[in-house]
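I opened my notebook today to look up a few things in a protein model. Come and read along with me.

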Amino acid sequence: MFSAVANAITDDYLGLDNFNWVDKYAAYFKQRATGNDDYTKKVWEEVATADASKINAKNYTGFYRDNWFGKAEVFNKKGKLYIKFLRSPKLNGELQFYKNNTFAVKWEYQDMNADAFVTFSVDNNNKVQSIKLKGISPNIDFSFDFQDLDLQRED
C-alpha cells in the first residue's frame, strides 16, 4: 500500500489525473491472492497427468553453478527430484515432470507466487549440461528474473 500512496501523492504533486492507484493495487493483490491465473492452472493440470516413468533421476542430480547467483543442487529425496539454491534458502522445491527435459517447480515458500519451469539441456549422450529457468505465469513479478540464470553443471 505504500507504493499506491506514494504514487498517488506523486501524481497529485505533478498535477496528473487521479489514476486510482489504491484501487489498482488492491485489484492486483486480490487477483494474486485468489491465484486467478488460468495459464498456470493449465500447466499444473498437465504436470498432474504427465508420464514421468522414463525419467532417470540420476541424469539430473548434481551441482550447478551460475556465475552471478552461485550454486544450486538437484537431488533425490524419497524418490523425488528437488532443486535448492544454496544462496537463497527460499528457492527450493520439488521438480515435477512437465515435458521432455522440462520440469515445473512450486517453491516451498509460496509467498513468492513465482512457480517456474526448470529446463535441463542435455548433450548427445543424454548427460545434463545446464539448467535454464523461466517463470510459469506470464503475470509473474518482473523481479523474478529466473530467465537470466545460466546454471552450468559442475562435475
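**Ground rules.** I am looking at a predicted model, where local features need pLDDT of at least 70, side-chain atom pairs count only at pLDDT 80 or more, and totals for chains, interfaces and linings use all residues. I number residues from 1 along each chain as its sequence is written, and side-chain values use heavy atoms, with hydrogens and water left out.

**The barrel.** I looked up the strands and found that eight of them close into a barrel, in the order E1-E2-E3-E4-E5-E6-E7-E8, with antiparallel pairing. From one strand to the next, the twist averages 30°. Helices (H or I, at least four residues) and strands (E, at least two) are DSSP runs, numbered from the N terminus. Two strands pair if DSSP finds at least two bridges between them. I reminded myself that strands of a sheet pair through backbone hydrogen bonds, either parallel or antiparallel.

**E1 meets E8.** Over how many bridges do strand E1 and strand E8 pair? I noted three bridges between E1 (residues 62–66) and E8 (residues 151–154), in the antiparallel sense. Arginine 65 stands opposite glutamine 152 in E8.

**A helix on the sheet.** Helix H3 (residues 38–49) packs on the sheet and touches strand E4 (88–99), strand E5 (102–105) and E6. Contact means heavy atoms within 4.5 Å. The direction of H3 makes about 65° with that of E4; axes are lines fitted to C-alpha atoms, for helices over the stretch in contact, and angles run from 0 to 180 degrees between N-to-C directions.

**Salt bridges.** I found five salt bridges in the structure. The term means a side-chain nitrogen of Lys or Arg within 4 Å of a carboxyl oxygen of Asp or Glu. One of them joins glutamate 154 to arginine 65, with the closest N and O atoms 2.8 Å apart. Glutamate 154 sits in strand E8 and arginine 65 in strand E1, so this pair ties together parts that are 89 residues apart in sequence. Arg65, Lys71 and Glu154 are linked in a network of salt bridges.

Another joins lysine 84 to glutamate 73, where the closest N and O atoms are 3.8 Å apart. Lysine 84 lies in strand E3 (residues 80–85) and glutamate 73 in strand E2 (residues 70–77), so parts eleven residues apart in sequence are tied together.

Is glutamate 73 buried or exposed? I found it buried, with a relative accessible area of 18%, while lysine 84 is partly exposed at 32%. Buried means under 20% relative accessible area, exposed over 50%, and partly exposed in between (1.4 Å probe, protein chains only).

Aspartate 115 and lysine 106 also meet in a salt bridge (3.5 Å, N to O). Aspartate 115 is buried at 10%, and lysine 106 is partly exposed at 35%.

**Two loop residues.** Lysine 127 lies in the loop between strand E6 (116–122) and strand E7 (128–135). Lysine 127 and tyrosine 60 are 67 residues apart in sequence, yet 8.0 Å apart in space, C-alpha to C-alpha. Leaving out residues up to four places away in sequence, lysine 127 touches Ser121, Val122, Arg153 and Asp155.

Serine 137 is in the loop between E7 and E8. Serine 137 counts as buried, because its relative accessibility is 14%.
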